[in-house]
Amino acid sequence: MKLFGAMEIKENELFIGGVSSTELVSRFGSPLYVMDESFLIDTCKNYYRDFKCLENNNRVAYAGKAFLTKAMCRLIYEQGLYLDVVSGGELYTAYKAGFPLDKVYFHGNNKSVSEVELGVKLGVGVFVVDNLDEMKRLNEIAKKYNRKQNIYLRLTPGIEAHTHEYIKTGQIDSKFGFAPVGETIMDAVKLALDCENINLRGLHCHIGSQIFEIQPYEDAVEVMLGFIKSIKEETGHTIPELDLGGGFGIHYTDEDKPKETRDYCTSILNKVDEVCEKLNIERPILTIEPGRSIVGNAGTTLYTIGAIKEIEGVRTYVSVDGGMTDNIRPALYGAKYEMAIANKITDKCNARVAIAGKCCESGDIFVNDICIQKPDIGDILAVFSTGAYGFSMSSNYNKNPKAAVVFVKDGLARVVSKRQSYEELLALEV
Ligand code: LLP
């Protein structure tokens with residue numbers, strides 16, 4: 001079990017940000033997403049420093065799809081980060097948080113007319129254009145609002161990243177972006193240059209998620225700078241910015257061997273310098289879009305154990321009060337997590353059990369076979385590193401209300417997203 005950031009063990013109990021697990025659950029209920037705020041801040045600071053945001057004007061755009069609340073928008077703004085959004089809803093969250101919208105990148109392979117309109121009206125910094133239909137739509141809407149909209153073109157560089165198949169997005173056969181086949185990319189560039197209300201500022205790629213190797217990023221740098229060079233040669237247009245996406249891997253269990261933030265950043269920066277020199281082009285302003293690696297290890301979910309069923313000679317099921325509604329990743333991807341009983345965390349792990357969620361679905365199992373501290377009814381189960389794609393992929397399946405999110409720091413806890421009430425659960429129904 002790996003403890004991150006401001007996690008510590010005191011008198012056989014897990015504390016996060018100086019607050020005990022039992023206090024958190026008794027004050028805020030369970031399931032509860034707990035985010036270690038100083039760890040979030042430190043991670044942002046590391047990226048800002050290691051990607052040379054100050055010296056080279058580079059940008060780290062936090063990928064909001066991993067976890068987005070208004071409090072998170074404010075936190076990343078305070079750390080000098082940009083924000084990547086993928087829907088009108090994420091954009092609206094940033095807007096309501098007072099996040100400066102010129103620091104927003106708007107992604108998505110099918111942005112609706114109303115989403116594009118909202119983005120243009122609010123003054124989104126960069127539209128990452130995914131296809132020709134979007135480009136035409138965007139040009140018309142920008143014209144209507146008398147804007148010249150900055151865009152990046154999303155390209156699929158055809159890099160194979162070693163990751164879970166469902167979340168691989170860099171290959172050529174992808175719903176995202178322009179593929180490097182035939183004249184596709186050059187046609188997109190030419191259309192962008194012909195569009196009066198569009199300003200082609202950059203290229204973008206994203207090669208996958210939960211990637212541990214550095215090589216795929218270096219390969220992507222090589223391919224993308226090659227595109228910048230060919231575009232210059234063929235059209236005379238200089239592309240001054242390059243966005244290399246996110247995907248930096250994190251530790252969920254001991255099977256995962258991620259690199260340090262600094263290693264990913266330094267290798268990318270060095271490779272860019274090397275290739276720019278080789279191709280004799282100017283170094284573009286660079287962006288990366290980490291999501292998981294900013295929030296993943298900062299989050300812990302706390303559950304209350306409510307039922308323990310032993311099937312003799314088969315298995316013991318320990319059921320908690322959340323499940324695939326607050327964390328779909330085990331059921332969807334077979335994702336693995338470390339976990340422990342928070343209120344007896346230094347006890348021996350000699351109980352061999354399965355941990356089950358409460359949803360009416362036999363696949364709602366966190367883990368089939370794990371050794372943990374001997375569980376009792378009312379104990380608190382902590383599942384670690386749930387900060388990314390837990391809350392943001394949560395659902396109301398079985399009409400379970402959404403769990404609350406608290407930020408903890410220096411012994412204080414504050415709610416940043418309230419637990420949904422039954423009334424709120426029915427708020428949309430007529
Ligand atoms: N930029 C773009 C364009 C992306 O599509 C993504 C993730 C990111 C940045 C951030 O990637 P990250 O640094 O978080 O790996 N639901 C899946 C992950 C899907 C990732 C989709 N795109 C999961 O729970 O593992």
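**Ground rules**

I'm working from a predicted model, where local features need pLDDT of at least 70, side-chain atom pairs count only at pLDDT 80 or more, and totals for chains, interfaces and linings use all residues. I number residues from 1 along each chain as its sequence is written, and my side-chain values use heavy atoms, with hydrogens and water left out.

**Entry: aromatic pairs**

I looked up the ring pairs and got 15 of them. Rings of Phe, Tyr and Trp (its six-membered ring) pair if their centres lie within 6.5 Å; planes under 30 degrees apart are stacked, over 60 edge-to-face, and the rest tilted.

I opened Phe67 with Phe391: ring centres 5.8 Å apart and planes at 50 degrees, so I logged the pair as tilted. Phe67 sits in the loop between β5 (59-63) and α4 (70-78), and Phe391 in the loop between β18 (380-384) and β19 (404-409), so this pair ties together parts that are 324 residues apart in sequence. My helices (H or I, at least four residues) and strands (E, at least two) are DSSP runs, numbered from the N terminus.

Buried or exposed? I checked Phe67 and found a relative accessible area of 1%, which is buried. Phe391 comes out at 15% and is buried too. The cut-offs are under 20% relative accessible area for buried, over 50% for exposed, and partly exposed in between (1.4 Å probe, protein chains only).

Next I took Tyr77 with Phe99, whose ring centres are 6.0 Å apart with planes at 75 degrees, so that pair is edge-to-face. Tyr77 is in helix α4 and Phe99 in the loop between α5 (88-96) and β7 (104-106), so parts 22 residues apart in sequence are tied together. I have Tyr77 as partly exposed at 43%, while Phe99 is buried at 4%.

I also noted one aromatic cluster formed by Tyr33, Phe67, Phe391 and Phe407.

**Entry: charges over rings**

I counted a charge as over a ring if NZ of Lys or CZ of Arg is within 6 Å of the ring centre and within 35 degrees of the ring normal. Lys10 has its charged end over the ring of Phe15, 4.5 Å from the centre. Lys111 lies over the face of Phe106, at 5.8 Å from the ring centre.

I then looked at Val86, in the loop between β6 (82-85) and α5. Val86 is partly exposed at 31%.

**Entry: the ligand**

How many residues surround the ligand? I got 19, the closest being Ser209, Glu289, Arg292, Arg329 and Tyr389. The shell divides into 6 nonpolar, 7 polar and 6 charged residues.

For polar atoms, I found a side-chain atom of Glu289 at 2.7 Å from a ligand nitrogen. The side chain of Tyr333 has an N or O atom 2.8 Å from a ligand nitrogen. Tyr389 puts a polar side-chain atom 2.6 Å from a ligand oxygen. Taken alone the ligand exposes 580 Å², and the protein buries 92% of that.

**Entry: Asn297**

Asn297 is in the loop between α11 (292-295) and β13 (299-311). I have Asn297 as buried, at 13%. Its side chain makes a polar contact with the side chain of Ser385 at 2.8 Å. A polar contact is a pair of N or O atoms within 3.5 Å; within protein, one must be able to donate a hydrogen and the other to accept it, and residues adjacent in sequence count only if both atoms are side-chain atoms.

Key:
Near = heavy atom within 4 Å. Areas by Shrake-Rupley, 256 points an atom, 1.4 Å probe, with all protein chains shown as cover. Nonpolar A, V, L, I, M, F, W, Y, C, P; charged D, E, K, R; others polar.
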